[in-house]
Amino acid sequence: MLSATLTSTVLFGQDATANQEAPPTEFSVNKEQQLTDFIIVPCEGKTKEELYKKTIEWISKTYNKPSEVIKSQVENDYIRFQGISKNEYCRKPMVLICEDLRYEIEVSVKDGKYKFDVVSLESAITDKKYDLTGLASSRTTGWSNAEIKKGWTNFKSNGEVRDQYKDTMPKVARYINSLNKSLHDYILNQNETAKSNDW
């Protein structure tokens, strides 16, 4: 645990000073429901070239259409990709309502570490239609910023997050952490996809 903390004290390109906290190694949510901006993930012994290649491979194995998912890239520097998770953005006014979550993530690589940066989060705007039997069907008509911010209707006048939103961003944080864990495990050849290729 201590070695992981010491390893993560080095920011991308600069050291943490006495007044500067080390970057987190896992996404979390503060009391205002703001998600951690980015995390630094140590990968001791891996070069930036290896990390870049493994990230591209992971995207290719994780997403159905990797050429559409990758939005921009610079070889051995960074990859930015966009994905959609079904029913990941949830709130509970009276009944649980979940919408698709669209996320954009940038993975920047350096020797021995990578930065996993959440660039944007959006929830689906859907158009629901009902047939004669009362069954609903919906289609996505657009996307809305999914970040919870002070002053929005998600907050009470006293500054507390409304009950219907209290689990929204923690659920998103868990999902983003699972994405990062999947990438990290792939880089270290610890997940099933990587193992199945070792024959």
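This is a predicted model: local features need pLDDT of at least 70, side-chain atom pairs count only at pLDDT 80 or more; totals for chains, interfaces and linings use all residues.
## Overall layout

The chain holds five helices and eight strands. Read along the sequence, their order is α-β-β-β-α-α-β-β-β-β-β-α-α. There are 199 residues in the chain, and 37% of them are buried.

## Helix H2

Helix H2 covers residues 48-62. It has 15 residues. From its first C-alpha to its last, H2 reaches 21 Å, close to the 21 Å expected at 1.5 Å a residue.

Which residues of H2 are buried? They are Leu51, Tyr52, Lys54, Thr55, Trp58 and Ile59. Glutamate 49 also sits in H2. Its relative accessibility is 38%, so glutamate 49 counts as partly exposed.

## A negative patch

Glutamate 49 also belongs to a surface patch of negative charge.

## Salt bridges

The model has eight salt bridges. One of them joins the side chains of arginine 80 and glutamate 104, at 3.3 Å from N to O. This pair links distant parts of the chain. Arginine 80 is in strand S5 (residues 78-91), glutamate 104 is in strand S6 (residues 97-110), and the two are 24 residues apart. Glutamate 104 has 14%, so it counts as buried.

Lysine 86 and aspartate 100 form another bridge, with their closest N and O atoms 3.2 Å apart. Here too, distant parts of the chain are linked: lysine 86 is in S5, aspartate 100 is in S6, and 14 residues separate them. Lysine 86 is exposed because its relative accessible area is 60%. Aspartate 100 is buried because its value is 11%.

## A further bridge and a network

Glutamate 99 and arginine 91 also meet through their side chains, at 2.9 Å from N to O. Glutamate 99 counts as buried because its relative accessibility is 15%, which is under the 20% cut-off. Salt bridges with shared partners join Arg80, Glu104 and Glu106 into one network.

## A buried loop residue

Where does alanine 146 lie? It is in the loop between strand S8 (136-145) and helix H4 (168-187). Its relative accessibility is 1%, so alanine 146 counts as buried. Alanine 146 and leucine 101 are 45 residues apart in sequence. In space, their C-alpha atoms are 7.9 Å apart.

How values were computed: Residues are numbered from 1 along each chain as its sequence is written. Side-chain values use heavy atoms; hydrogens and water are left out. Patches are made of residues with over 30% relative accessible area and no salt bridge: like charges are joined within 9 Å, nonpolar side chains (Val, Leu, Ile, Met, Phe, Trp, Tyr) within 5 Å. Accessible areas come from the Shrake-Rupley method with a 1.4 Å probe; for residues, only the protein chains shown count as cover. A salt bridge is a side-chain nitrogen of Lys or Arg within 4 Å of a carboxyl oxygen of Asp or Glu. Lys and Arg count as positive and Asp and Glu as negative; His and the chain ends are not counted. The place of a charge is taken as NZ of Lys, CZ of Arg, CG of Asp or CD of Glu. Helices (H or I, at least four residues) and strands (E, at least two) are DSSP runs, numbered from the N terminus. Buried means under 20% relative accessible area, exposed over 50%, partly exposed in between (1.4 Å probe, protein chains only). The expected span of a helix is 1.5 Å times one less than its number of residues.
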